[in-house]
Amino acid sequence: MYHFNFSQTNTRSQEVYCQLSEAIYLLDIAKQASSDATALHSIQTTIEQLINLRNRVSAGEL
């Protein structure tokens, strides 16, 4: 029988949340430093996708 460990799941979710937050932060710095319109659009799209993913992790959906 398998016992689900919520503590490990919470810890892992917190780690993923923190890693996504760091990636968002670093991409935001890259966005501010970039002057290329195509790169800016790509970076902004990636930031939005990571924020959505982070929100889903925070809500317990993933």
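1. Glu 61 and Arg 56 pair up through their side chains in a salt bridge, at 3.1 Å from N to O. The term here covers a side-chain nitrogen of Lys or Arg within 4 Å of a carboxyl oxygen of Asp or Glu. Glu 61 is exposed, at 53% relative accessible area, while Arg 56 is partly exposed at 38%. (Cut-offs: buried is under 20% relative accessible area, exposed is over 50%, partly exposed is in between, with a 1.4 Å probe and protein chains only.)

2. A word on the basis: this is a predicted model, where local features need pLDDT of at least 70, side-chain atom pairs count only at pLDDT 80 or more, and totals for chains, interfaces and linings use all residues. Residues are numbered from 1 along each chain as its sequence is written, and side-chain values use heavy atoms, leaving out hydrogens and water.

3. By the salt-bridge rule, the count comes to 3.

4. Next, Glu 15 and Arg 12, whose side chains form a salt bridge at 3.1 Å, N to O. The two sit 3 residues apart in helix H1 (residues 6–33), so about one helical turn separates them. Helices are DSSP runs of H or I with at least four residues, numbered from the N terminus. Glu 15 is partly exposed at 39% relative accessibility, and Arg 12 is partly exposed at 46%.

5. Then there's Lys 31 with Asp 28: a salt bridge whose closest N and O atoms are 3.6 Å apart. Both residues lie in helix H1, 3 residues apart, about one turn of the helix. Lys 31 has a relative accessible area of 24% and Asp 28 comes in at 27%; Lys 31 counts as partly exposed, and so does Asp 28.
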